[in-house]
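Subject: Structure handover

Dear colleague,

Please find the structure below. My notes on it follow.

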Amino acid sequence: MISPRKNSVLGLVELTDTDDLFELHGTASSRALHDVFHDRLKGWVRSRDQWRLLDNNRICVILKDIGSQGELELAAAKLGRIFKEPHYHRGRPMPLEVRAGFAEVNGRDKDLKLAMQQAGMALWQAKKKSHLFDVYSPQCGMNAGDEQKLVEQLEVALEQGALQLYYQPKIHAGYRSLIGAEALMRWHTTDQKVITPDQFIDVAERHEIIKPMTWWAIKSAVARLARWPDQLSIAVNISPALLLEDDILSVVQDALEIHGVTPARLNLEVTESIMVDNQDVMLSQLARLRDLGVKISLDDFGTGFSSLAYFRDLPVDEIKIDKNFVLRMMESEKDHAIVKAVIDLAHNFSLKVVAEGVENLDIANRLAELHCDILQGYVFDRPLPVEEFERQYRV
Ligand code: C2E
Ligand code: CA
Ligand code: CA
């Protein structure tokens, strides 16, 4: 709830259901749609507000001097009006649906991070209730009951095979050939909806369920590798906390042995944030996994707070530059400089570099010029259901 002081409010605004639209109108329309999203947002924010892109279909905004719940409701109503008209692509209407989550903030850095999480919860609520927006209040965040319900639904989903791995191609930057795929989890609900991981991984990570989910993902990816040509690899995302579990070594080893798959074809992606807590344990566990012969990627590189000092002894094979730098590298000199610096740094340590979030050929070509090794992004393909991936790439 907004207190009656002149405070700032942090908002997350998302253009929803874009996947369905792209399916309907073709991926070529995706640029146009994102441009429309950004253009219309410019008509919403006031000059004193600050905003930045988090993703093509998501922005973070700081609305200054919002003194009451009523003022926020007015701002939200204006957002609704601005997106009311559909966008016409080649004469066909494409409805634009936005959802927003808001949370109060009072300007200090540590509050910003908290406000971001709270706005994320409010956005989740807005999406769940199909409301234009929701405002964070301790009661409106996901309560323990809701969270427990989601965990129970996930347990059933896992048991009934409603969780699936989608595969997004990883492409050799020079030859533009397929070198493998990243496995990304999707949840097919009984009402035919496909839920993306941003709506369930965080909750799963706060409960034991993340373990069986991840073990299932590893086994399923390795079983898939056994059917694919030897030169292809698969990357599986591992939640940081699971690296503290000894089971992970036996799960990985058993899966590889049962299916007779060469360990180097399995890639485990861990986020850079693992370096923040329990650094020593994390590093030794990564080293043990690497001793099995599997490859380790450091995901979302550039978003964490790791120091360069540990880089020297880091037991990883590959760095994935976070998509937020890649997405903006052609427009922002600073992001371009970061991408270039990360590529050079990684190569000096004999690490491979993957760029994710490659959305157009200009970015792909520039990354190749900068000697980036591997590319991943919508310009090649979105994460695809496995049958579609295999058909498309003839594996
Ligand atoms: P991530 O590991 O950073 O995965 C990349 C995300 O970027 C994926 O989102 C992918 O669909 C999206 N992406 C790929 N190419 C582009 C592009 O060109 N532009 C843009 N804007 N986005 C692109 P997705 O599938 O929704 O997954 C979100 C996150 O959920 C993943 O981020 C990962 O952290 C987590 N996740 C997904 N599957 C699993 C899993 O099996 N286990 C765990 N622990 N986490 C998972
Ligand atoms: Ca990843
Ligand atoms: Ca990533």
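Some terms first: a residue is called buried under 20% relative accessible area, exposed over 50%, and partly exposed in between, with a 1.4 Å probe and protein chains only. This is a predicted model, in which local features need pLDDT of at least 70 and side-chain atom pairs count only at pLDDT 80 or more, while totals for chains, interfaces and linings use all residues. Residues are numbered from 1 along each chain as its sequence is written, chains are lettered from A and ligands numbered from 1 in the order in which they are written, and side-chain values use heavy atoms, with hydrogens and water left out.

Calcium sites

Donors are N, O and S atoms within 2.8 Å of the metal, or 3.2 Å for Na, K and Ca; water is not among the atoms, so sites may look incomplete. Helices (H or I, at least four residues) and strands (E, at least two) are DSSP runs, numbered from the N terminus. Glu269 belongs to strand S12 (residues 266–271) and Asp299 to strand S13 (residues 295–301), so that distant parts of the chain, 30 residues apart, are linked. Both Glu269 and Asp299 are buried.

Asp299 bridges the calcium ion (ligand 2) and the calcium ion (ligand 3), and the two ions lie 4.1 Å apart. What is the relative accessibility of Asp299? At 6%, Asp299 counts as buried. Asp300, with a relative accessible area of 22%, is partly exposed.

Ligand 1

A residue is near a molecule or strand if one of its heavy atoms lies within 4 Å of it. Ligand 1 is surrounded by 20 residues, the closest being Gln168, Arg186, Asp299, Glu359 and Tyr378. A polar contact is a pair of N or O atoms within 3.5 Å; within protein, one must be able to donate a hydrogen and the other to accept it, and residues adjacent in sequence count only if both atoms are side-chain atoms. Asn237 places a polar side-chain atom 3.1 Å from an oxygen atom of ligand 1, and Asp299 has one at 3.0 Å from an oxygen atom of ligand 1. An N or O atom in the side chain of Ser239 is 3.0 Å from a nitrogen atom of ligand 1.

Taken alone, ligand 1 exposes 800 Å², and the protein buries 88% of that (accessible areas come from the Shrake-Rupley method with a 1.4 Å probe; for residues, only the protein chains shown count as cover). Strand S9 (178–188) and S13 are the elements that give two or more residues to the shell around ligand 1. Of these, S9 gives the most, with four residues.

Aromatic pairs

Rings of Phe, Tyr and Trp (its six-membered ring) pair if their centres lie within 6.5 Å; planes under 30 degrees apart count as stacked, over 60 as edge-to-face and the rest as tilted. The count by this rule is seven aromatic pairs. The ring centres of Phe37 and Phe83 are 5.9 Å apart and their planes are at 50°, so this pair is tilted. Phe37 lies in helix H2 (residues 29–42) and Phe83 in the loop between helix H3 (69–82) and strand S4 (87–89), so the pair ties together parts that are 46 residues apart in sequence. Phe37 is buried at 0% relative accessible area, and Phe83 is buried at 3%.

Tyr167 and Phe389 also form a tilted pair, at 6.1 Å centre to centre and 50° between the planes. Tyr167 is in strand S8 (residues 163–172) and Phe389 in helix H13 (residues 386–392), 222 residues apart. Tyr167 is buried at 2%, as is Phe389 at 0%. Ring pairs join Tyr167, Trp228, Phe389 and Tyr393 into a cluster.

Elsewhere

Arg99, in strand S6 (residues 98–105), is buried at 10% relative accessibility. Its side chain reaches the backbone oxygen of His131 at 3.3 Å.

Regards
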